[in-house]
Amino acid sequence: MSEKVSADLFLPEEKKAWFSHDRFGMFIHWGIYALAARHEWVKSREEMDDAAYRKYFDHFDPDLYNPREWAARASAAGMKYVGLTAKHHDGFCLWDTKTTEYNATNTPYGRDLIAPFVEAFRAEGLKVGFYYSLPDWQHPDFTLDMYHPLRNREDAVALNTGRNMSNYAATMREQVSELLTAYGKIDVIWFDFSYPGRTYKGFPGKGPDDWQSLELLRLVRRLAPDIIVNNRLGIETDVPDVLTPEQYTPRTPPTVNGRPVTWEMCQTFSGSWGYHRDEDSWKSPEQLLKILIDGVALGGNLLMNVGPTGRGTFDQRAIDALDAYARWMKLHSRSIYGAGQSPFTAPDGCRYTQRGNRLYVHIYSWPNQYLHLDGLAGKVAYAQMLNDASEVQWLGADTDPHFVPPVGDTTLTLHLPVKKPDVVVPVVELFLKEGATP
Ligand code: GLC
């Protein structure tokens with residue numbers, strides 16, 4: 001893009017303070033693909049044309065949809081904001097849009113799904129965001145490309161003629177305007193995704209010029225000045241509102257041109273984002289918790305995804321996964337909200353998060369009674385297990401010299417209970433002395 005992108009199209013830190021504080025959100029991938037129950041990309045993967053995919057639209061009737069229940073589960077899990085797929089790549093719109101018939105009101109369910117959703121999550125005190133797909137495999141003006149369901153048809157080239165991406169970009173602006181004006185204040189908009197340069201059989205990939213990303217972003221800013229916009233519009237900038245690593249935990253805090261940025265990883269319970277009946281790769285409670293802790297320890301957020309069923313429910317596996325968060329967060333959220341990367345270096349098998357003078361030691365590998373914290377001798381005023389506020393003592397210089405560091409060493413050796421507390425990841429809360437730094 002030739003145009004210079006002005007920094008005021010992006011949010012200053014203070015407008016993102018709530019986001020960095022809250023750390024943990026729920027992603028929801030829901031649409032008619034939930035009926036196929038074999039990945040939200042099923043239309044592309046199986047190269048279905050509109051007629052073949054139509055059966056999901058014609059049978060979409062989530063009779064058990066109760067967003068208040070979703071919101072209650074999100075809140076119990078400790079999630080503070082939510083992002084719902086208003087439209088995914090298949091182009092199906094969950095709201096009563098004027099731009100296309102291809103929306104929830106024309107399915108057997110017959111109603112807008114977004115209004116009750118927004119109301120329910122706001123009532124639980126969560127901030128509300130929308131995921132909005134840039135690709136649209138149903139829109140007649142959206143050109144064929146490497147992901148389009150019709151890409152391998154013999155008549156693909158002919159099918160592409162007459163399609164006009166500029167018309168599609170105008171539709172996107174209308175759809176996004178509807179989403180940002182009809183449902184009160186929206187806190188996050190999550191565009192997905194850009195793939196310039198990925199040419200396939202002569203069909204080019206798509207990026208900011210195709211989406212008319214700058215125009216779209218300007219519109220978003222005008223309608224919702226404080227909204228957080230993710231980085232997948234493909235606009236080059238040093239100051240994106242939020243970077244979005246997907247399905248992996250970064251090794252170090254992500255940067256853009258050497259500068260630290262706000263970031264949020266998105267992750268799934270089992271691999272697919274939409275409901276997948278037969279997937280057998282569900283993460284364990286321990287893995288789920290470590291994803292959250294690892295992220296906060298590096299100063300990032302976690303957007304953890306649920307794919308509701310075609311009846312509008314969270315299935316039992318999703319409920320169990322959320323319960324794992326709920327049980328842990330009930331006792332440990334102090335080490336998550338408002339916490340971030342610590343300047344101290346955690347020992348092997350541990351992760352630190354820090355909030356002011358509280359340093360949280362997340363113990364992934366329970367040691368045999370003694371945990372050595374380098375660089376913390378003399379810097380801690382008090383220590384306790386976070387799950388039950390039981391005091392954790394540390395060894396003094398008068399203890400047996402065979403396992404205590406020599407006097408003058410900077411290591412603080414905590415004396416932990418022999419038995420690991422009955423929580424998935426135990427945490428020691430250290431109250432640092434005034435001004436303690438490494
Ligand atoms: C990917 C996929 C998609 C999912 C998204 C979530 O870009 O296309 O199905 O919605 O990531 O981050």
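User: So how do H11 and H12 sit relative to each other?
Analyst: Keep in mind that this is a predicted model. H11 (residues 285–297) and H12 (residues 316–332) pack at an angle of about 60 degrees, so they are oblique to each other. Their axes are 9 Å apart.
User: And which way does H11 pass H12, left-handed or right-handed?
Analyst: The crossing of H11 over H12 is right-handed. On the H11 side, the contact is made by Pro285, Leu288, Leu289, Leu292 and Ile293. H12 brings Ala321, Ala324, Tyr325, Trp328 and Met329.
User: OK, what about H8 and H10, what angle do they pack at?
Analyst: About 20 degrees, with the axes 10 Å apart. Angles under 35 degrees count as roughly parallel, so that is what H8 and H10 are to each other. H8 covers residues 165–181 and H10 covers 213–223. H8 passes H10 in a right-handed crossing.
User: Which residues make the contact there?
Analyst: From H8, Met172, Arg173, Val176, Ser177, Leu180 and Thr181. From H10, Glu215, Leu216, Leu219, Val220 and Leu223. By class, the contact of H8 with H10 has seven nonpolar, two polar and two charged residues.
User: Switching to the ligand. Which residues come nearest?
Analyst: There are 14 residues around the ligand, and His29, Glu40, His88, His89 and Glu246 come nearest.
User: How far is the side chain of histidine 29 from a ligand oxygen?
Analyst: An N or O atom of that histidine 29 side chain is 2.5 Å from an oxygen atom of the ligand. Histidine 88 has a polar side-chain atom 2.8 Å from a ligand oxygen, and for glutamate 246 the corresponding distance is 2.9 Å.
User: Now the backbone. Which residues does the cis peptide bond join?
Analyst: Aspartate 192 and phenylalanine 193, with omega about -5 degrees. I'd look at that one, because most peptide bonds are trans. Phenylalanine 193 is in the loop between strand E4 (188–192) and helix H9 (208–211).
User: And arginine 23, is phi positive or negative there?
Analyst: Positive, near 65 degrees, and arginine 23 is a residue other than glycine. Most residues other than glycine have a negative phi.
User: Where is arginine 23 found?
Analyst: In the loop between helix H1 (17–22) and strand E1 (24–28).

Terms used: Residues are numbered from 1 along each chain as its sequence is written. This is a predicted model: local features need pLDDT of at least 70, side-chain atom pairs count only at pLDDT 80 or more; totals for chains, interfaces and linings use all residues. Side-chain values use heavy atoms; hydrogens and water are left out. Axes are lines fitted to C-alpha atoms, for helices over the stretch in contact, and angles run from 0 to 180 degrees between N-to-C directions. Helices (H or I, at least four residues) and strands (E, at least two) are DSSP runs, numbered from the N terminus. Angles under 35 degrees count as roughly parallel, over 145 as roughly antiparallel, 65 to 115 as roughly perpendicular and the rest as oblique. A crossing is left-handed if the near helix is turned anticlockwise from the far one by less than a right angle, and right-handed if clockwise. Contact means heavy atoms within 4.5 Å. A residue is near a molecule or strand if one of its heavy atoms lies within 4 Å of it. A polar contact is a pair of N or O atoms within 3.5 Å; within protein, one must be able to donate a hydrogen and the other to accept it, and residues adjacent in sequence count only if both atoms are side-chain atoms. Ala, Val, Leu, Ile, Met, Phe, Trp, Tyr, Cys and Pro count as nonpolar, Asp, Glu, Lys and Arg as charged, and the others, Gly among them, as polar.
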